[in-house]
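Subject: Structure handover

Hello,

Here is the structure I promised to pass on.

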Amino acid sequence: MSLLRYTLRRFAQAIPVLIGIVTITFFLANQIPGDPVEIMLGPTPAQEQVEAIRAQYGLDRPIHVRYFTYLSGVATGDLGLSIYYDRPVLEMIMLRLPVTLLLMLSAFAFAIVTAIPLGVISAKRRNEPADHISRIVSLIGVSTPSFWIGLVLIIVFAFYLGWFPARGLVLPWADPADVRGAATRIEVLRQTAHHLFLPMIGLGTLQMAQITRIERSSMVDSLQGEYVKLARAYGVPESTIVRKHAFQVAQLPVITIIGLGLSTALGGAVLTETVFEIQGMGRLIITAINNQDYQLIMGTTLVFGFVYVIGVIVTDITYSYLDPRVTYGDE
Amino acid sequence: MSINSATSDDDTADGGDESGGPDEVEARVGLRYTLKQVRQDTTARIGTYIVGFMTFVAVFAAFDYYILDYAIAEAVLYNPETDPENVRRLLPPVGMENQFGQGVLEHPLGTDHRGRDLLSRTIYGTRIAMTVGFLATAIGLGGGTVIGAVSGYYGGWIDDVLQRVTETIYAIPFLVLVIAFMTAFGRDLTFAMVGVGITAIPVFNRLIRSRVVSIREEDYVEAARAAGVKDRNIIFRHIIPNSFAPVLVQATLQVGVSILIVAGLSFLGFGAQPPTPSWGQMLSASRGYMLPAPTFSIFPGIAILITVIGFNILGDGLQDALDPRINN
């Protein structure tokens with residue numbers, strides 16, 4: 001089976017999960033105490049006004065009708081109207097999602113770039129000082145709350161050293177005219193990098209630690225493989241063995257752990273955005289909850305789910321693309 | 001066709017220890033065997049010490065809170081409400097100085113934004129963290145074990161339905177799921193615990209299910225079935241006890257994960273509500289004073305770090321100690 005067909009099939013398989021996410025989100029949102037209309041109109045609204053609003057948002061219909069209306073809405077890209085922002089939910093999400101994705105991508109880039117060398121060195125020098133340091137660093141990394149790392153980074157690098165800004169984010173696609181102190185696109189990008197640095201480390205540390213641990217154990221296994229022994233017997237230099245023979249095989253579990261790490265990272269993004277006051281999806285869902293904006297709560301929750309599912313599919317496809325043993329047929 | 005299909009193979013591989021026949025398996029399960037292995041493994045021992053110490057602190061705080069009605073805490077803890085004239089806010093730890101004054105021995109770690117003692121609040125935070133960590137894990141373990149065992153043992157449509165449901169739960173990033181869950185049902189600590197427990201169900205479900213599927217075909221299970229032992233008894237008397245080691249490892253790690261998630265939730269304002277001291281909520285309050293009183297943000301974080309490291313070291317140590325491949 002071709003890679004394209006495998007890709008399409010993976011997406012088709014994800015449909016029931018996506019419907020499941022919509023269902024869970026819908027019924028959770030329906031449990032939320034309080035009346036959204038009351039929040040909109042204040043505590044003592046006129047009866048006709050309440051009924052008009054209820055009819056406008058479809059709140060007067062029975063729950064199963066609303067569920068199917070919502071489901072078909074989601075299928076056509078209509079996530080309803082945000083009561084708080086008075087704009088379509090999808091529009092708000094499209095505004096905020098790129099910010100969160102930028103944060104996530106940079107965090108994973110940081111994690112992968114630092115973790116892979118750390119893990120490889122650790123495995124190569126097993127039980128030597130370098131290995132111990134790398135293991136301690138990754139142990140601390142998996143045990144530290146990301147938001148606390150953020151706070152410590154702000155205290156040290158923003159307040160004491162003054163190297164990086166403590167909050168906010170300049171979007172790379174922002175108009176240079178709107179960005180203070182930036183006349184050209186390059187300067188905007190420089191400011192983006194400057195702002196992104198601390199949140200990237202705050203969010204990426206956990207992923208870095210997890211990837212290092214897997215990279216190490218996977219490389220240790222891989223370096224004991226028959227093909228490595230064979231290469232050694234043929235007199236292939238050790239550096240070539242590590243780079244060419246052991247490394248490639250060892251990357252498969254790493255890809256898996258990156259896929260699974262997406263879930264933690266998406267949750268971590270909510271915290272990191274709070275710490276650094278970045279207006280992404282995480283802040284959007286918290287604003288939605290604090291203002292009991294039902295449609296926005298549902299919309300943001302299910303977009304978080306969708307992003308994760310798509311991320312997992314992408315890692316699965318990468319996995320099968322890289323692993324010579326995986327055929328695209330039945331599992 | 002799981003959305004995590006890339007990982008399921010690894011899990012089964014991890015779960016399948018290579019011990020031989022039934023005799024050997026019997027010798028490698030159970031509490032006594034675990035304790036013996038833990039004693040011999042340095043990492044597991046260090047983890048046990050940290051976890052033991054934190055548990056002791058938590059029990060001490062609970063004892064003071066429930067039985068002595070804050071008697072011990074009152075002695076060390078300066079309560080600003082009783083003496084509003086003499087509130088010392090945001091003091092640094094003893095031996096340090098900041099714009100609010102000099103650290104005093106009375107408050108070894110300093111005070112918070114309302115003049116409360118940080119050491120006692122950090123100690124009391126342990127009670128919340130440990131309780132939530134253990135109970136959330138217990139909920140996840142209980143739910144996951146039942147679902148995983150039933151699913152793996154019966155297979156067929158029961159398996160399909162249960163696995164699709166847990167997969168869907170797993171498909172929503174867990175912090176977001178717990179936030180949505182708590183928005184729907186309640187913002188306090190009980191729901192934080194239940195919410196985090198629910199997110200842990202898929203983890204244990206997959207672990208138990210993969211074990212059950214591999215053990216189901218073992219000779220001694222076949223024998224039990226042939227002898228007319230009921231399905232329920234086979235699951236709970238044979239299959240689950242034989243999954244003890246990997247479950248124990250996962251549960252230990254899960255306590256750490258749960259503590260991290262609950263700290264994050266409290267940081268966002270979900271979970272323990274003021275004035276109950278919890279680490280996440282202390283960190284959240286400290287955000288406004290990071291420049292003048294940075295130490296306020298440091299200690300609750302260190303408490304989380306040490307506790308979670310304890311569970312992670314213990315989990316890793318247990319894994320090595322109970323892995324027959326290493327011990328052989």
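Start in chain A. A:Glu277 sits in the loop between helix 10 and helix 11 of that chain. Helices (H or I, at least four residues) and strands (E, at least two) are DSSP runs, numbered from the N terminus.

Before you go further: this is a predicted model, where local features need pLDDT of at least 70 and side-chain atom pairs count only at pLDDT 80 or more, while totals for chains, interfaces and linings use all residues. Residues are numbered from 1 along each chain as its sequence is written, and chains are lettered from A and ligands numbered from 1 in the order in which they are written. The model scores ipTM 0.87 and pTM 0.86.

Most residues other than glycine have a negative phi. A:Glu277 is not a glycine, yet its phi is positive, at about 50 degrees. This residue is partly exposed, because 13 other C-beta atoms lie within 10 Å. The classes are buried (20 or more other C-beta atoms within 10 Å of the residue's own), exposed (12 or fewer) and partly exposed (in between), with C-beta atoms placed from the backbone.

A:Asp86 also has a positive phi, near 55 degrees. Look for A:Asp86 in the loop between strand 1 (81-82) and strand 2 (87-88) of chain A. A:Asp86 has 8 other C-beta atoms within 10 Å, so it counts as exposed.

A buried threonine
A:Thr300 belongs to helix 12 of chain A. It is buried because it has 32 C-beta neighbours inside 10 Å. Leaving out residues up to four places away in sequence, A:Thr300 touches A:Ile93, A:Met281, A:Leu284, A:Ile285 and A:Ala288. A contact here means two C-beta atoms, placed from the backbone, within 7 Å.

Where the chains meet
Chain A puts 49 residues into the contact, and chain B puts in 40 residues. On the chain A side, the elements giving two or more residues are helix 1 (3-31), helix 6 (129-143), helix 7 (146-160), helix 10 (238-276), helix 11 (281-290) and helix 12 (294-322). Helix 1 of chain A gives the most, with eleven residues. By type, the chain A side has 33 nonpolar, 14 polar and two charged residues. Nonpolar covers Ala, Val, Leu, Ile, Met, Phe, Trp, Tyr, Cys and Pro; charged covers Asp, Glu, Lys and Arg; the others, Gly among them, are polar.

Chain B
Chain B has 15 helices and two strands. Of its 328 residues, 48% are buried. Among its contacts with a separation of 6 or more, 70% join residues 24 or more positions apart.

Mean pLDDT (the predictor's confidence in each residue, from 0 to 100) is 80 for chain B, and 84% of its residues reach 70 or more.

Helix 12 of chain B is mostly covered, with 22 of its 24 residues buried. The expected span of a helix is 1.5 Å times one less than its number of residues. For helix 12 of chain B (residues 244-267) that gives 34 Å, which agrees with the 34 Å between its end C-alpha atoms. Just after this helix, B:Gly269 takes a positive phi of about 100 degrees.

Best wishes
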